[in-house]
Amino acid sequence: MKVKQVLLVIGVVGCVLLSWPGYRFVQLQNLSKHPAESFVEVTGKKLPADIQVLAHSWRVKDLFFNVSHAWRFSGDAFA
């Protein structure tokens, strides 16, 4: 009975680990569709009133799915 439980746990953990990268990819694609909201969600900071976000892009940096983000802005922060 113990062997079956261990195999079940290993199977469940394996399924979660295999499905996570796909979920993360879909999540990142959705961020790129809404660049202004993605800035707030990723950084936790509000945009200044005169700044608009034109685009958002991301790139996976390593095998641990660490992601770097880049935004393109428009406007004058010092106005």
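S38 sits in helix α2, which covers residues 35–43. Helices here are DSSP runs of H or I with at least four residues, strands are runs of E with at least two, and both are numbered from the N terminus. The model is a predicted one, where local features need pLDDT of at least 70 and side-chain atom pairs count only at pLDDT 80 or more, while totals for chains, interfaces and linings use all residues. Residues are numbered from 1 along each chain as its sequence is written, and side-chain values use heavy atoms, with hydrogens and water left out.

Back to S38: with a relative accessible area of 0%, this residue is buried. Buried stands for under 20% relative accessible area, exposed for over 50%, and partly exposed for what lies in between (1.4 Å probe, protein chains only). The side chain of S38 reaches the backbone oxygen of P35 at 2.7 Å. Leaving aside residues up to four places away in sequence, S38 touches L31, H56 and W71, a contact being heavy atoms within 4.5 Å.

W71 also turns up among the aromatic rings. The structure holds two aromatic pairs. Rings of Phe, Tyr and Trp (its six-membered ring) pair if their centres lie within 6.5 Å; planes under 30 degrees apart count as stacked, over 60 as edge-to-face and the rest as tilted. For F39 and W71, the ring centres are 5.1 Å apart and the planes stand at 85 degrees, so this pair is edge-to-face. Since F39 belongs to helix α2 and W71 to strand β2 (residues 67–75), the pair ties together parts that are 32 residues apart in sequence. F39 is buried at a relative accessible area of 14%, and W71 counts as buried too, at 19%.

F39 has another partner in F73: their ring centres are 5.6 Å apart with planes at 90 degrees, so this pair is edge-to-face. Here F39 in helix α2 meets F73 in strand β2, so the pair ties together parts that are 34 residues apart in sequence. F73 is partly exposed, with a relative accessible area of 39%. Taken together, ring pairs link F39, W71 and F73 into a cluster.

As for the chain as a whole, it has two helices and two strands, running α-α-β-β from the N terminus on. Of its 79 residues, 13% count as buried. Among contacts between residues at least 6 apart in sequence, 37% join residues at least 24 apart.

Methods. Polar contact = N/O pair within 3.5 Å; in protein donor to acceptor, adjacent residues only side chain to side chain.
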